[in-house]
Amino acid sequence: MLEVAQLSLALSGRRLLHEIGFSARPGQITAIIGPNGSGKTTLLRALTGEVPALPLPGLRLSLNGHDIARTKPRILAQFRAVLAQSTQVAFPYTAAEIVRLGLDAGSGGAAPDLIDRLLAEVDLPGAGGRPYHQFSGGEQARVQLARVLAQARQPVTPEGPGWLFLDEPVASLDIGHQLMVMRIARSFADAGGGVVMVLHDLNLTAMVADQVLLMHAGRLLAQGRVDQVLTDALLGQAFGCPIRVGRAPASGPWILPQSAA
Amino acid sequence: MVALPLPRRPRPQASRSLPRPTPRLVTLLLVLLLLAVSVISLGTGAAGLRLTEILPALFGEGLDRRAEVILWDIRLPRLALGIVVGASLALSGALLQGLFRNPLADPGIVGVGAGAGLGAVLAIVLGGLLPPAIAAWTGLHLVPFAAFLGGLGVTLLLYRLATRGGQTSVALLLLAGIALAAFAGAATGILIYMADDRQLRDLTFWSMGSLAGASWAKLGGALPLILPAMIAAPFLARGLNALALGEAQALHLGIRVQAMKRLAVFVTAAATGAAVAVSGGIGFIGIVVPHLLRLFAGPDHRALLPQSALLGAALLVAADMIARSIVAPAELPIGIVTACLGAPVFLWILLGRRGLTGL
Ligand SMILES: Nc1ncnc2c1ncn2[C@@H]1O[C@H](COP(=O)(O)OP(=O)(O)O)[C@@H](O)[C@H]1O
Ligand SMILES: [Mg+2]
């Protein structure tokens, strides 16, 4: 369980997050959406302990009962993996060496062929020996995803449920691979893990999210199920343009860009 | 409408994989290389004592007095010093590069060596002012530790100057390094004017960068710095690998980033300081060795750190042989040899990085 209350944050003297409170349950996908610059990445960085929250009264930030700010990185790494919006790699590591970093950080045994299997799972079969720098942007993103999956290889760990925190995991991917990432996130959650991810695409959000957090100007404008948050009024307010949410009879809601007048 | 044939999606080819030898094989080859270079080095020298005459003595067999002195008091300490200094320089290069996440960070280039040099010169010149009791107590450790502190100061300052929020600006790193090196050089120059004749001899000899004048005592003076550095370095490997993805990723991979970086700074300064204190400014080992190893054996610090030490030792012993034999019976300062080998490699790295953002 991820529990957040009264989470505020300032960087370089600017207040970027205001009194955020919500909780995310394992077994579910929690999607963070909102316009550019609304604080999605900053929120994820705060949730993972990368930047410290302002110590205001009532602040609470805990994962599986561990206070994020006070837990050793090594302990957190055993049940939580984080994918940043972009990752630059300093030296000519191969894909397999990158994935191994995740493997070494996570907990629990791993099959000897896990690295190859994970690379195949992100549709890079047999690519373990290739240098990371030779991959395209989308392929690099998938190598990083494989690393994160190697770290969170157990959806349920001895320390409680495993967690994936993903910042725009599909931003540089084509539609086939976007769906692949959604499938991976879904099966991680279905196996008992928790997923918190920043998403850009409202339709993907509508498709996979169990809970949606809608950010606007550093505040949580709304939270709830897809049908509670993805509404004309809320989206229009958050994104600053009229948006009409469509609804296909047999499936969930969808948003055509053309419907934004 | 004409349907275009769908281009086949390019699949990652196994054949494009790097043909890297296993780390164990590389390490084994490097050990053999170091052994070979060491043996040849023992058999090279102005005295003209051959390998065949030297080797039996190593195993305790009779040797005439002169040969024994040459072996035990000249060649062996010089070989040992070469190994220790080469290993330290290459290791501190690999560590500094990992810390700054950039293959151009070399203790010599970014001014850490100059800072260590300033510390050493301070100790040589002002050490004479110490009360005899204290001077006797610090003994041969004074210069190495002063060099360590000088190197530490520059490394910390560099980090402050060139790194913001975990991102190192390479331009700032190199330029700040130039400024710090220039400042340390100027301060060193002032101190040299203050030096008396005996100190001046120490200084000139030292500033050329040389293994000449090697002695067991000198080696002993530097060991309290080098041994802890060598022992601590392997513990940094996993952290430096994670740090290659950036500070935030390293944190999420379970690394205590600040503590790890602090240890890396101390180990780098200790290894550089000790090397500079005993051998003066020997450049480029710290950049050439890790670069070659990353290229041919891979960047994994768990292998890179020990392999850098091995190759650095072998390279410096070989360079020392060249320095001793090329203008025999005189000898070239070894820094000239390493610069001739190293500067082109540095330019080669620069060219390869042309066009990358921020170098
Ligand atoms: N380190 C920082 N210092 C000051 N402002 C920042 C910092 N990082 C992000 N911001 C600002 O915070 C706001 C939210 O950024 P971010 O969380 O990255 O937005 P997004 O929702 O697009 O991920 C932006 O206005 C950005 O300029
Ligand atoms: Mg963002």
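Let's start with helix H9 (residues 232–239) of chain A, which lies across E3, strand E11 (211–216) and E12 of chain A and runs at about 35° to E11(A). Keep in mind that this is a predicted model.

What sits under that helix? The strands belong to an open sheet of six in chain A, ordered E6-E9-E10-E3-E11-E12, with mixed pairing. At the edges you'll find E6 and strand E12 (219–224) of chain A, each pairing on one side only. Going from one strand to the next, the twist averages 15°.

Now zoom in on strand E3 (residues 29–33) and strand E10 (residues 194–198) of chain A, which pair in the parallel sense over four bridges. Pick Ile29(A) and you'll see that its bridge partner in E10(A) is Val195(A). Helix H6 (residues 175–190) of chain A packs on the sheet too, touching E3, strand E9 (163–167) and E10 of chain A, and its direction makes about 150° with that of E10(A).

On to the neighbour. Chain A and chain B bury about 2800 Å² between them, with 58% of it on carbon and sulfur atoms. On the chain A side, Phe91(A), Tyr93(A) and Arg130(A) lose the most area to chain B, together 22% of what that side buries. The contact draws 37 residues from chain A and 34 residues from chain B.

Ten residue pairs across the interface are in polar contact. H3(A) gives the most to the side of chain A that touches chain B, with seven residues. That side divides into 16 nonpolar, twelve polar and nine charged residues.

Methods:
Residues are numbered from 1 along each chain as its sequence is written. Chains are lettered from A and ligands numbered from 1 in the order in which they are written. This is a predicted model: local features need pLDDT of at least 70, side-chain atom pairs count only at pLDDT 80 or more; totals for chains, interfaces and linings use all residues. Side-chain values use heavy atoms; hydrogens and water are left out. Contact means heavy atoms within 4.5 Å. Buried area is the accessible area (1.4 Å probe) that two parts lose on being put together, summed over both. A polar contact is a pair of N or O atoms within 3.5 Å; within protein, one must be able to donate a hydrogen and the other to accept it, and residues adjacent in sequence count only if both atoms are side-chain atoms. Helices (H or I, at least four residues) and strands (E, at least two) are DSSP runs, numbered from the N terminus. Ala, Val, Leu, Ile, Met, Phe, Trp, Tyr, Cys and Pro count as nonpolar, Asp, Glu, Lys and Arg as charged, and the others, Gly among them, as polar. Two strands pair if DSSP finds at least two bridges between them. Axes are lines fitted to C-alpha atoms, for helices over the stretch in contact, and angles run from 0 to 180 degrees between N-to-C directions.
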